Amino acid sequence: MPANRICKVCEFSEEEVKEYCPEDKGFPVSYGDLCSVCKNGRPRYGLNRREQLELLASQDNKCKICKTEVKLHQGRGKVSGQIDHAPGTGAGTGKPADVRGVLCFTCNKNLSDSNITWLKAAVKYLEEHGEDYASSR
Ligand SMILES: [Zn+2]
Ligand SMILES: [Zn+2]
């Protein structure tokens, strides 16, 4: 097994990938000199691993909605940061997605099941019923 391969796009080494994205597949042999993110994620989001980590760092390593601290590429757990993109961009358009930011898995899932009209109506409904946001979750 070649020691400590380096991705030719993001220039992360195997060891750095383990450090920043411990649950990540890293460098499957069939990907050659590309890490798993640059092989799969870059075509989807237009961001290589380094750019994705920079995006997350620009958000203080926190989910942009609930402020939970997240790491990228950690599977489906709550603390797994997800690259959020605008609906209708990316897949099927032949162009990279319009990336909006990094969200935790839960917020990303909730957001994708929702829309702004529904969210506004839900807030109005809760306010009408005197919901106390600080204690509701
Ligand atoms: Zn890479
Ligand atoms: Zn969140």
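**Exercise 1. State the sense in which β1 and strand β2 (residues 80-85) pair, and over how many bridges.**

Solution. In this predicted model, β1 and β2 pair in the parallel sense, over two bridges. Strands here are DSSP runs of E with at least two residues, helices are runs of H or I with at least four, and both are numbered from the N terminus. Two strands pair if DSSP finds at least two bridges between them. One bridge joins Lys71 to its partner Ser80 in β2.

**Exercise 2. Describe the sheet and identify its edge strands.**

Solution. The sheet is open, has three strands in the order β1-β2-β3, and shows mixed pairing. Its edge strands are β1 (71-72) and β3 (99-104), each of which pairs on one side only. Strands of a sheet pair through backbone hydrogen bonds, either parallel or antiparallel.

**Exercise 3. Determine how many residues of α5 are buried.**

Solution. A residue is buried if 20 or more other C-beta atoms, placed from the backbone, lie within 10 Å of its own. The count for α5 is zero. In the protein, buried residues make up 25% of the 137 residues.

**Conventions.** Residues are numbered from 1 along each chain as its sequence is written, and chains are lettered from A and ligands numbered from 1 in the order in which they are written. In this predicted model, local features need pLDDT of at least 70 and side-chain atom pairs count only at pLDDT 80 or more, while totals for chains, interfaces and linings use all residues.

Definitions and conventions:
A residue is buried if 20 or more other C-beta atoms lie within 10 Å of its own, exposed if 12 or fewer, and partly exposed in between; C-beta atoms are placed from the backbone.
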